[in-house]
Amino acid sequence: MSNRAAARRTRYLSEADVAALLPSVSEQIDLVADALRQVAERRAHQPPKIALPAGADGRFFHLMPAVVRAGSSQVAGAKWISGGGGLPIDGLVILEDEHGATRGLIAAAGLTAARTAAVSGAAIRVARHGLGAVSRVTFVGGGVQAHSHRAMLAAEYPTASVTFLTRRSASELPLRAGDRVAENAEEALRDADLLITAAAFGTEARALPLGLLAPDATIIAIDYATSIRGEDLALLRAHRPVRLMTDSSEQFNATRAAGKLEGWPEISDEIGASESSEFVGTTIVNHLGIAACDLLLADLLLARAEERGIGTLLG
């Protein structure tokens, strides 16, 4: 065994460990906002995710490497993630320390759900800068992301009500006081000031009448082009001012070039570079998920685990 490998035993964090160690929603959003700024300012090394062939049923296998700063330290690592096609998200985050030894292995399902909702939260803060508080939310979908996003919304916008547009039953949804399940898309979207789309990959898209949204609505798309197609976007842009943003323009445009965002234009504006901007119109944020955010969150979880003696030491 090399000296660097012997210097630190690798700590494994299970899904239960991750759930016990997650910080508050506000802290999660602040953490990913830092990663997004580093990506936008090119202080983080964030190449596009590597997508491996997984068939045509919506399944995916992604390898997501990154190098990012956590305070004065460098965090390097990668996430291996799979899912789609009716299968749950599964995977692992691998973190190395500054000496090149494997510091930790972190179960990725719960971390990914938390990170995705936190990035949505950071994007909403940016997109709605100078606008009124969120009050009417529409959420398309009803899986894991419905639960993590509903928790984020409750923490950030406690008075907002959420209307779910989903094929799932009400008993499967994270309904809170004032929430409801819409019977159709028109009822769900009318006058909403925030729309979040999280339909499962590979499912048949339903037509969304985006023109019914409030004029200054914010749209957060976390399902690539499943819910909002290129023609939907073009129609909306023909009738109102629209600003497009993403988490990493390099990744978004590489994914678009690979044919996975059909009809969408290239995007140059990034969440991390837009913190003080104001825009009158509809902002659409399509964030695909980047490892820089995963790694900063995983680094914090490992630090907490080391302090509290949580997890399993390997080797």
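Predicted model: local features only at pLDDT ≥ 70, side-chain atom pairs only at ≥ 80, totals over all residues.

**Helix and rings**

Reader: How far apart are the end C-alpha atoms of helix α4, residues 109-127?
Author: They are 27 Å apart, which agrees with the 27 Å that its 19 residues should span at 1.5 Å a residue. The expected span is 1.5 Å times one less than the number of residues. Helices are DSSP runs of H or I, at least four residues; strands are runs of E, at least two; both are numbered from the N terminus.

Reader: How many α4 residues are buried?
Author: 16 of its 19. Buried is under 20% relative accessible area, exposed over 50%, partly exposed in between (1.4 Å probe, protein chains only).

Reader: Switching to rings. How many aromatic pairs?
Author: Three in the whole structure. Rings of Phe, Tyr and Trp (its six-membered ring) pair with centres within 6.5 Å; planes under 30 degrees apart are stacked, over 60 edge-to-face, the rest tilted. Phe 61 and Trp 80 are stacked, at 6.1 Å and 15°.

Reader: Where do Phe 61 and Trp 80 lie?
Author: Phe 61 is in strand β3 (residues 60-70) and Trp 80 in strand β4 (residues 73-84), so the pair ties together parts 19 residues apart in sequence. Phe 61 is partly exposed at 22%.

Definitions and conventions
Residues numbered from 1 in each chain as written. Heavy atoms only, no water.
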